Amino acid sequence: EINFTFYNCIWFMIASFMQQGPDDGSPKCLSARLIAIVWWITCILIITLYSATLTANLTVSSMKKPINSIFDLTKQDRYSYGTVGNTSYQSMFQGTKHVEYEKVNEKLKFVNTTAAAYNKLTKEDFIFIWDTPLLDYERRKRDCSFERLSNEFGYSQYASAFPRNNSTMEHVAHLFDKAILGYEEKKDPNKK
């Protein structure tokens with residue numbers, strides 16, 4: 001008589017898989033061995049798929065960002081947030097009639113320069129509110145250790161005017177774009 005303890009079940013699996021082992025407890029004919037092999041492979045696949053699905057679900061739920069828009073800032077206390085003072089962003093938040101922007105403005109912190117904001121961004125749990133092209137430029141220029149939200153707000157458009165049919169327009173436009181992207185905040189905003 002075969003006693004199916006844990007050890008005997010493991011030995012049965014190995015014996016079924018290797019087609020050898022003790023005469024008692026292991027299948028003797030090829031069809032019984034194939035059925036045992038198919039059963040164990042099925043069990044291994046089910047356990048593997050279950051653990052992979054569980055891992056994927058846990059990973060995806062932990063990857064969800066706590067902040068997906070500017071309005072999520074008011075619903076959390078972990079991060080402080082701010083922008084450069086004496087800029088259009090300060091004016092926008094302080095002069096708004098929009099209820100959500102007023103809530104954002106209540107805890108908004110101001111820094112003197114973009115360099116100070118990037119320094120604060122790397123050393124603290126700080127969210128920097130600034131122009132998308134300039135943030136993208138800084139991400140490429142620096143070590144890319146911070147990420148930008150994909151939800152934008154408060155659209156601002158930049159434009160430049162040049163005379164028509166000017167042969168140097170493309171060159172000047174290229175230099176203008178380069179100057180905009182290479183923009184650095186002055187330390188004293190009152191200096192011209």
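**Close-up views of a predicted model**

**View 1. A nonpolar patch on the surface includes Tyr7.** Phe6, Tyr7, Ile10, Trp11 and Ile14 together expose about 570 Å² of accessible area in a nonpolar patch on the surface. Accessible areas come from the Shrake-Rupley method with a 1.4 Å probe, and for residues only the protein chains shown count as cover. A patch is built from residues with over 30% relative accessible area and no salt bridge, like charges being joined within 9 Å and nonpolar side chains (Val, Leu, Ile, Met, Phe, Trp, Tyr) within 5 Å. Tyr7 belongs to helix α1 (residues 6-18). Helices (H or I, at least four residues) and strands (E, at least two) are DSSP runs, numbered from the N terminus. Tyr7 counts as exposed because its relative accessibility is 59%; buried means under 20% relative accessible area, exposed over 50%, and partly exposed in between (1.4 Å probe, protein chains only).

The model shown in these views is predicted: local features need pLDDT of at least 70, side-chain atom pairs count only at pLDDT 80 or more, and totals for chains, interfaces and linings use all residues. Residues are numbered from 1 along each chain as its sequence is written, and side-chain values use heavy atoms, with hydrogens and water left out.

**View 2. The largest nonpolar core has 22 residues.** A nonpolar core is a set of buried Ala, Val, Leu, Ile, Met, Phe, Trp, Tyr and Cys residues joined through side-chain atoms within 4.5 Å. The members that touch the most others are Ile70, Phe93, Tyr118, Phe128, Ile129, Trp130 and Phe153. At least two residues of this core come from each of β1 (80-84), α3 (88-94), α4 (99-106), β2 (108-111), α5 (114-123), β3 and α6. The element that gives the most is α5, with three residues. In soluble globular proteins, nonpolar side chains tend to be buried together. When residues up to four places away in sequence are not counted, Ile70 touches Phe93, Tyr101, Val104, Ile129 and Phe153, where contact means heavy atoms within 4.5 Å.

**View 3. Ser69 lies in the loop between α2 (30-63) and β1.** Ser69 counts as buried because its relative accessibility is 18%. Apart from neighbours within four places in sequence, Ser69 is in contact with Leu149 and Asn151.

**View 4. Asp131 makes a polar contact with Tyr89.** Asp131 sits in the loop between β3 (126-128) and α6 (132-141). With a relative accessible area of 11%, Asp131 is buried. The side chains of Asp131 and Tyr89 meet at 2.7 Å. A polar contact is a pair of N or O atoms within 3.5 Å; within protein, one must be able to donate a hydrogen and the other to accept it, and residues adjacent in sequence count only if both atoms are side-chain atoms. From C-alpha to C-alpha, Asp131 and Tyr89 are 9.2 Å apart in space, while in sequence 42 residues separate them.

**View 5. The side chain of Thr96 reaches the backbone nitrogen of His98.** The distance between the two is 3.0 Å. Thr96 is placed in the loop between α3 and α4 and is buried, with a relative accessible area of 15%. Leaving aside neighbours within four places in sequence, Thr96 is in contact with Tyr101 and Glu102.

**View 6. Asp77 and Lys107 are joined by a salt bridge.** A salt bridge is a side-chain nitrogen of Lys or Arg within 4 Å of a carboxyl oxygen of Asp or Glu. The structure holds four salt bridges. Between Asp77 and Lys107, the N to O distance is 3.3 Å. Asp77 is in the loop between α2 and β1 and Lys107 in the loop between α4 and β2, so this pair ties together parts that are 30 residues apart in sequence. Asp77 is exposed at 70% relative accessibility, whereas Lys107 is partly exposed at 42%.

**View 7. A salt bridge links Asp125 with Arg78.** The closest N and O atoms of this pair are 3.7 Å apart. Because Asp125 lies in the loop between α5 and β3 and Arg78 in the loop between α2 and β1, the pair ties together parts that are 47 residues apart in sequence. Asp125 is partly exposed, with 40% relative accessibility, and Arg78 is exposed, with a relative accessible area of 58%.

**View 8. Asn86 has a positive phi although it is not a glycine.** The phi of Asn86 is about 60°. Asn86 is found in the loop between β1 and α3, and its relative accessibility of 62% makes Asn86 exposed.
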